Amino acid sequence: TVSLGLTNGVIGKSRKEGRDLSKRVVEQIEKFYTDLNIDWLITGEGEMLKTDQPAVKGYSTPGVPYYAVDFLAGFDLVMNDQTAKPDGYISFPHIRGARAWVDISGKSMSPLIDPGDVIAIKPVADWPTNILYGEVYALVTDQYRTVKRIRKSDREGWIRLVPENPDYDPQDIPATSVIAIYQVLGCAKKIF
């Protein structure tokens, strides 16, 4: 429920106040699980996954949507547009929980993530509470998008962004400037 933004506290409070969360729950599920057939979820009829998605060659299921956009350049436009169609699907069972695959550019995370690689990401709901310091995240701030390791800052209310490449310096930013954070679950290297 945390990945959907529906914590036990929110659910418990809604039950106590007699509010129906079903519409909000379905909207959140539809937002995060884009390949899930919502009619199947509600009625139990039909296929569990949307059938209009082409299967990845060699796999029986469509996989995770791949968007041929650079996370650093235009990713937020795709993720905020519910009509955006994926450029394909990637089925890689060893990376579980991914909600999208996107391209990456920039050299600050080399050699871990190189320009031209593709990263698997999932949104982090309530990130100030659910962040795992030291892990790699893709961040959208009010000024830019970047992929970095997140560490604790010495400054209250700030976070430290740490690159892998020693040619780039760590940077502290105010936590309030963060609009969204995506956990980077994996990377597919391009070897050409």
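Reader: Is Asp 103 buried or exposed, and how do I read that?

Author: Look at the relative accessible area, where under 20% counts as buried. In this predicted model, Asp 103 has a value of 15%, so the residue is buried. You will find Asp 103 in strand β3.

Reader: Which side chain has a polar contact with the side chain of Asp 103?

Author: That partner is Tyr 66, and the polar contact spans 2.8 Å. Setting aside neighbours within four places in sequence, Asp 103 is also in contact with residues including Val 69, Phe 71, Val 118 and Lys 190.

Reader: What should I look for in a nonpolar core?

Author: In soluble globular proteins, nonpolar side chains tend to be buried together. Here the largest nonpolar core has 17 residues, and Phe 71, Ile 113, Ile 119, Val 147 and Val 184 are those with the most contacts inside it. Strands β1, β3, β4, β5 and β9 each supply at least two residues of this core. Apart from this core lies another, of 11 residues, with Trp 127 and Ile 150 among them.

Reader: What does Ile 119 touch beyond its neighbours within four places in sequence?

Author: Its contacts include Trp 101, Ile 113, Val 147 and Val 184.

Reader: Where is there a cis peptide bond?

Author: Follow the chain from Ser 110 to Pro 111: that bond is cis, with omega near 5 degrees. Pro 111 sits in the loop between β3 and β4.

Notes. Residues are numbered from 1 along each chain as its sequence is written. This is a predicted model: local features need pLDDT of at least 70, side-chain atom pairs count only at pLDDT 80 or more; totals for chains, interfaces and linings use all residues. Side-chain values use heavy atoms; hydrogens and water are left out. A nonpolar core is a set of buried Ala, Val, Leu, Ile, Met, Phe, Trp, Tyr and Cys residues joined through side-chain atoms within 4.5 Å. Buried means under 20% relative accessible area, exposed over 50%, partly exposed in between (1.4 Å probe, protein chains only). Helices (H or I, at least four residues) and strands (E, at least two) are DSSP runs, numbered from the N terminus. Contact means heavy atoms within 4.5 Å. A polar contact is a pair of N or O atoms within 3.5 Å; within protein, one must be able to donate a hydrogen and the other to accept it, and residues adjacent in sequence count only if both atoms are side-chain atoms.
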